[in-house]
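I open this notebook to keep track of what I look up, one topic per entry.

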Amino acid sequence: MAYIELNNDLPGIRGLMAYRPETEKALNALAETLLRDDDNTLTRGERELIGAYVSYLNDCFFCQNVHGALAGHYLDCNIDEIDAIKKDFYSADLSSKMKSLLAIAASVQKGGKNVTEGQITAARNTGATDKEIHDAVLIAAAFCMFNRYVDGLGTWAPPDRQFYVNRAPQRAEEGYQSSVYK
Amino acid sequence: MPHIALEDHLPGITGLLEYSKGTAQPIRDLTQFLLRGPSTLTEAERELIATVVSYGNECTFCTTAHTAAADLLSGESQTAEKVKQDIDTAPVSEKMKALLTIASLTRQSGKSVTPDIVQKAKDAGATDIEIHDTVLIAALFCLYNRYVDGLGTALPADPAYYNILADRLVNHGYTRLPQGYDHLKK
């Protein structure tokens, strides 16, 4: 049960978005642009993976399952493979660029000042562009918002992880701007 | 030096919002609604929430900017300063103390917010919408603070920049200036 009366039974951020449509629009517009815009050299799967990883670090069950399932959908990984990446991305079958961006995202999760010059240089050495570094930082920062919003108001989340896997193809098809009631 | 190439005349968040206008638009819209839209919390109270979170996250640019905005809105500089030092003894209402505490806990982690502190806010007269907006403002500034510091943005060379910024935040708000920011070039 959420800490406030949402007047709906929707889980996670969807319950909050239905409760407060005035803020829903901008939140979903941000997710849509940041995670799905085609004018981006990071794939949708790579961007969802950053979101899932930061949500894992923030221990947000709802967000890490929604975005882990979406990353799995795009990257053709099952839930165990996504879990393995979250636990140890260095050992995972990912590009060195993605590993360097996930390292930056992990620092952002702790606090912006934790990002080091060395991490930025390492990312550049793997070919990461300014925009990719920018987007990795902003995705990580955005999930530090989404995760706090979802858990700070005590929303509920379906405990069955398959629920999220089953929904991922539809979300990938329709995007975030129709995400509240569907 | 910022970690990516940003315009020299735009320190802090402004350079980032100009660098990535596609993501800036929803971030600006969300902030404009939460901090300037219709609310039973005053604009000064909402700026205090932003200030407390930015201070807790040790983000110098955001803390200074929102302290200046809160001061300008309230016409004094004691409240913001005291709220940063100790919420419980600051000269704000019991409701604001509870909401600022919720904001501080949200800053630490969403999971740090407890049913007890939410109940305390409700007992002090906070509405569900006020509690919702407090958590979302705190969460939004966790985004801002990480964005600003995670990309190593510059601080203004002249501290007077914050007064100009506060004046813009109070009298214009958080939407992009229609004419852009070229007038800030020296």
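This is a predicted model: local features need pLDDT of at least 70, side-chain atom pairs count only at pLDDT 80 or more; totals for chains, interfaces and linings use all residues.

Entry 1, contacts along the sequence.

Residues are numbered from 1 along each chain as its sequence is written, and chains are lettered from A and ligands numbered from 1 in the order in which they are written.

I counted secondary structure by DSSP runs, numbered from the N terminus, with helices being H or I of at least four residues and strands being E of at least two. Chain A comes to 9 helices and 0 strands, and chain B likewise comes to 9 helices and 0 strands. I then checked overall size with the radius of gyration, taken over C-alpha atoms, and the globule rule, which is 2.2 Å times the number of residues to the power 0.38. Chain A has a radius of gyration of 16 Å, which agrees with the value near 16 Å for a compact globule of 182 residues. The radius of gyration of chain B is 16 Å, close to the 16 Å that the rule gives for 186 residues, so chain B is as compact as a globular protein of that length. Along the principal axes, the C-alpha trace spans about 50 × 30 × 30 Å in chain A and about 50 × 35 × 30 Å in chain B.

I call a residue buried if 20 or more other C-beta atoms lie within 10 Å of its own, exposed if 12 or fewer, and partly exposed in between, with C-beta atoms placed from the backbone. On this scale 50% of the 182 residues in chain A are buried, and 48% of the 186 residues of chain B are. I looked at helix α1 (residues 12-19) of chain A, which is mostly covered, with 7 of its 8 residues buried. The cover over the buried residues of α1(A) includes α2, α4 (61-75) and α8 of chain A, together with α8 (128-150) of chain B.

A nonpolar core is a set of buried Ala, Val, Leu, Ile, Met, Phe, Trp, Tyr and Cys residues joined through C-beta atoms within 7 Å. The largest such core has 112 residues, and A:Ala105 and A:Ala140 have the most contacts inside it. Its largest share, 14 residues, comes from α8(A). Leaving aside neighbours within four places in sequence, I find A:Ala140 in contact with A:Ile50, A:Val54, A:Ala105, A:Val108, A:Gln109 and B:Arg146.

Is A:Ile82 buried or exposed? A:Ile82 is buried, because 27 other C-beta atoms lie within 10 Å, and its place is in helix α5 (residues 79-87) of chain A. Not counting residues up to four places away in sequence, A:Ile82 touches A:Ala52, A:Gly68, A:Ala71, A:Gly72 and A:Cys77. I also looked up A:Asp76, in the loop between α4 and α5 of chain A, where phi is near 60°, a positive value in a residue other than glycine. A:Asp76 is exposed, with 8 other C-beta atoms within 10 Å. A:Asn7 lies in the segment before α1 of chain A, has phi near 60°, and is exposed, with 9 other C-beta atoms within 10 Å.

The contact takes 40 residues from chain A and 41 residues from chain B. On the side of chain A that touches chain B, α8(A) gives the most, with 16 residues. By class, that side of chain A has 23 nonpolar, 8 polar and 9 charged residues, where Ala, Val, Leu, Ile, Met, Phe, Trp, Tyr, Cys and Pro count as nonpolar, Asp, Glu, Lys and Arg as charged, and the others, Gly among them, as polar.

Notes
Two residues are in contact if their C-beta atoms, placed from the backbone, lie within 7 Å.
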